[in-house]
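I opened a structure that was new to me and kept short notes. Here is what I looked up, entry by entry.

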Amino acid sequence: IRQISHISLKTHSINNVINFYIKILGFKISHKFINKKKEIYGLFIYCGNRTLLEFFLNNTKKKIKAYFFEVKKIRQLAKKLKKFDKNIKVKRGKTDYVLQFMTQDFDKNLIEFHEFDKKSKLKF
């Protein structure tokens with residue numbers, strides 16, 4: 001494990017996220033999540049040192065309980081963790097093409113591991 005990769009948050013307004021984090025704080029958009037209707041439904045915002053904030057539109061009261069780590073040698077880590085979770089599968093993200101897999105800890109918190117390679121579309 002290299003470091004925390006990102007924190008995932010919900011928002012009711014992508015425009016408010018852009019106004020605050022991009023225009024006021026000066027962070028940069030690293031990736032836009034765009035659906036088939038060409039609408040932005042999420043953003044990765046670069047905070048420096050390969051660390052990101054992730055925002056998704058979410059109009060529910062559901063809380064996100066997830067942790068994200070950047071790793072080296074993701075396939076080796078997945079193999080190691082398969083003794084705890086046989087359903088682990090390394091795949092690429094749908095729009096950012098980052099290598100990733102998810103599992104849960106013993107308290108059922110979601111943990112996602114990422115490896116950024118040449119095919120990844122995130123900009124650092």
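Predicted model: local features only at pLDDT ≥ 70, side-chain atom pairs only at ≥ 80, totals over all residues.

**Entry 1: helix α1**

I began with helix α1 (residues 14-24) and found Ile14, Val17, Ile18 and Tyr21 buried. These four cover an arc of only 105° around the axis, so they sit on the same side of α1. The arc is taken from the directions that run from the helix axis to the C-beta atoms. I counted a residue as buried under 20% relative accessible area, exposed over 50% and partly exposed in between, with a 1.4 Å probe and protein chains only. Helices (H or I, at least four residues) and strands (E, at least two) are DSSP runs, numbered from the N terminus.

Residues are numbered from 1 along each chain as its sequence is written, and side-chain values use heavy atoms, with hydrogens and water left out.

Which residues does α1 carry on the face turned away from its buried side? I found the exposed residues Asn15, Asn16, Lys23 and Ile24 there. The cover over the buried residues of α1 includes β1 (3-11), β2 (28-34), β3 (40-48) and β4 (51-57).

Next I checked the ends. Ser13 caps the N-terminal end of α1, with a side-chain oxygen 3.4 Å from the backbone nitrogen of Asn15. Just after α1, Gly26 has a positive phi of about 85°.

**Entry 2: Thr11**

I located Thr11 in strand β1. Thr11 counts as buried because its relative accessibility is 10%. Its side chain reaches the backbone nitrogen of Ser13 at 3.1 Å. For such a polar contact I required a pair of N or O atoms within 3.5 Å; within protein, one must be able to donate a hydrogen and the other to accept it, and residues adjacent in sequence count only if both atoms are side-chain atoms.

What does Thr11 touch, leaving aside its neighbours within four places in sequence? I listed Val17, Phe55, Phe56, Leu57 and Asn58. Contact here means heavy atoms within 4.5 Å.

**Entry 3: aromatic rings**

I paired rings of Phe, Tyr and Trp (its six-membered ring) if their centres lie within 6.5 Å; planes under 30 degrees apart count as stacked, over 60 as edge-to-face and the rest as tilted. By this rule I have 8 aromatic pairs. Tyr21 and Phe55 have ring centres 5.0 Å apart and planes at 45°, so the pair is tilted. Tyr21 lies in helix α1 and Phe55 in strand β4, so this pair ties together parts 34 residues apart in sequence. Both Tyr21 and Phe55 are buried.

The rings of Phe33 and Phe44 have centres 5.4 Å apart and planes at 50°, so I logged this pair as tilted. Phe33 is in strand β2 and Phe44 in strand β3, 11 residues apart. Phe33 and Phe44 are both buried. I also found one aromatic cluster of Phe33, Tyr41, Phe44 and Phe56.

**Entry 4: strand β8**

Is strand β8 (residues 110-115) mostly covered or mostly open? I found 5 of its 6 residues buried. Strand β5 (residues 66-70) runs parallel to β8, with 5 bridges. There, Tyr67 stands opposite Ile111. Strand β7 (residues 99-104) runs antiparallel to β8, with 6 bridges. Phe101 has Phe113 of β8 as its bridge partner. Two strands pair if DSSP finds at least two bridges between them.

**Entry 5: confidence**

The chain averages 89, and 94% of the residues score at least 70.

Technical notes:
pLDDT = per-residue confidence, 0-100.
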